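Open the model in your viewer and keep the selection panel at hand. The tour goes stop by stop.

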Amino acid sequence: MPDGLTPISPAPLTDAFGRTVSYLRLSVTDRCDLRCAYCMAEHMTFLPKKDLLTLEELETVAAAFIRRGVRKIRVTGGEPLVRKDIGDLFDRLGTYLGDGLDELTLTTNATLLERDAERLVDAGVRRVNISLDTLDPDMFREITRRGDFDKVMRGIDAADKAGLKIKINTVGLKHQNAAEIPNMVEWAHDRGFDMTLIEVMPLGDTGEDRVDQYIPLFEIRDRLDQFWTLEDEAASGTSAGPSRYVRIKETGGKLGFITPLTNNFCAGCNRVRVTCTGRIYMCLGQDDHVDLRSALRDSDDPRAALDAALDRALLKKPEKHDFKIRERAASPALPRHMSVTGG
Ligand code: SAM
Ligand code: SF4
């Protein structure tokens with residue numbers, strides 16, 4: 001750099017609709033130890049390991065986003081904690097906290113939290129989203145097609161004990177958990193956990209008909225209204241994305257609703273997703289993507305190549321998605337499973 005010139009700070013990641021991306025969801029694997037019936041097929045074929053970004057590459061990608069203004073990173077998958085040496089990635093990413101990054105977090109099914117909770121806290125993680133769709137061990141085995149409910153409960157206890165703030169994510173399923181949701185809300189709030197309900201999205205073939213799974217969340221909300229007083233909360237912080245929150249007066253707890261089907265929330269979208277193979281998807285519900293792995297592996301100047309790829313990607317961020325679940329035996333909106341994009 002010539003003397004006397006200061007570097008211009010890299011441009012923020014602003015898209016054609018004026019939305020600035022400050023939140024990255026980084027998938028570290030497409031593998032999982034469960035097979036949730038709305039997420040995966042029972043017999044999934046997973047990607048060859050050589051196609052995955054290495055831990056070093058994942059860090060390089062994360063650093064490129066942080067330089068461009070990303071303040072929050074959520075590590076996801078597949079199940080992030082099944083990736084070998086994942087603790088090392090958290091350690092590395094944790095060094096950016098307070099140095100560009102405000103929050104490092106993850107979404108997990110909790111099966112390995114008993115092993116990993118303290119390590120995550122040591123790396124700087126303070127909050128965790130835990131996916132749990134039922135409190136009934138038999139139903140848990142049915143939904144996850146293999147899960148051990150007690151192990152998940154031990155994982156949740158370990159996370160709580162380690163001081164992690166917990167949010168429970170629950171996908172509303174017409175026949176499997178809709179009737180149980182008031183009990184789940186009561187349990188979560190009793191334990192001091194926030195909770196978010198999610199509408200099932202038609203992503204990937206799971207061998208099950210989405211019509212049998214999908215329930216619009218307004219139906220669940222109507223049911224909750226019969227028990228409690230739901231008071232709307234204003235959106236805040238980096239989470240000001242898809243969730244609409246209420247505070248339940250009687251429990252004092254917070255409940256979010258993510259309604260990709262019944263109430264499109266794309267106008268406030270501040271996030272992008274990077275898959276474990278280094279593809280950046282600007283929208284969960286669209287197929288447009290840009291390959292960051294070739295920028296990393298084939299360029300003499302990976303940093304400049306990544307920046308250029310991010311600029312190209314931002315231009316592709318679409319205005320919104322458009323999911324529908326109406327017809328029986330319909331093809332998924334996209335062939336890509338949520339576990340590939342990173343939930
Ligand atoms: N394995 C981790 C877990 O389950 O928390 C992280 C990855 S998982 C893909 C992230 C989130 O996506 C979970 O909360 C899961 O319930 C949700 N999910 C997966 N497939 C979905 C679908 N088709 N529609 C709505 N949510 C889905
Ligand atoms: Fe695995 Fe999470 Fe998908 Fe369930 S939702 S199969 S835990 S990736």
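How do the residues of the shell around ligand 2 divide into nonpolar, polar and charged? Five are nonpolar, two are polar and one is charged. Keep in mind that this is a predicted model. To see the shell, select Cys32, Leu34, Arg35, Cys36, Cys39, Met40, Gly78 and Asn109, which surround ligand 2.

Colour its 12 strands in the order 7-8-9-6-5-4-3-2-1-10-11-12. The sheet is open, and its pairing is mixed. Go to the edges: strand 7 (230-232) and strand 12 (289-291) each pair on one side only. Now look along the sheet: neighbouring strands are turned by 25° against each other on average, with direction ignored.

Stay at strand 12. Select strand 11 (residues 279-281) as well; three bridges join strand 11 to strand 12, and the two run antiparallel. Show Tyr281 and find His289 in strand 12 standing opposite.

Now the core. The largest nonpolar core holds 103 residues. Select Phe65, Ile73, Leu132, Ile156, Ile168 and Ile280, the members that touch the most others. In soluble globular proteins, nonpolar side chains tend to be buried together.

Last stop: centre on Phe65. Which residues does Phe65 touch, leaving out those up to four places away in sequence? Show Leu13, Leu24, Val70, Val272, Val274, Ile280, Leu292 and Leu310. Ile280 among these contacts is also one of the core members that touch the most others.

Conventions. Residues numbered from 1 in each chain as written. Chains lettered and ligands numbered in written order. Predicted model: local features only at pLDDT ≥ 70, side-chain atom pairs only at ≥ 80, totals over all residues. Heavy atoms only, no water. Near = heavy atom within 4 Å. Nonpolar A, V, L, I, M, F, W, Y, C, P; charged D, E, K, R; others polar. Core = buried A, V, L, I, M, F, W, Y, C linked by side-chain atoms within 4.5 Å. Buried < 20%, exposed > 50% of the residue type's maximum accessible area, 1.4 Å probe, protein only. Contact = heavy atoms within 4.5 Å. Pairing = 2+ DSSP bridges. Helix = DSSP H or I, 4+ residues; strand = E, 2+ residues; numbered from the N terminus. Axes fitted to C-alpha atoms, helices over the stretch in contact; angles between N-to-C directions.
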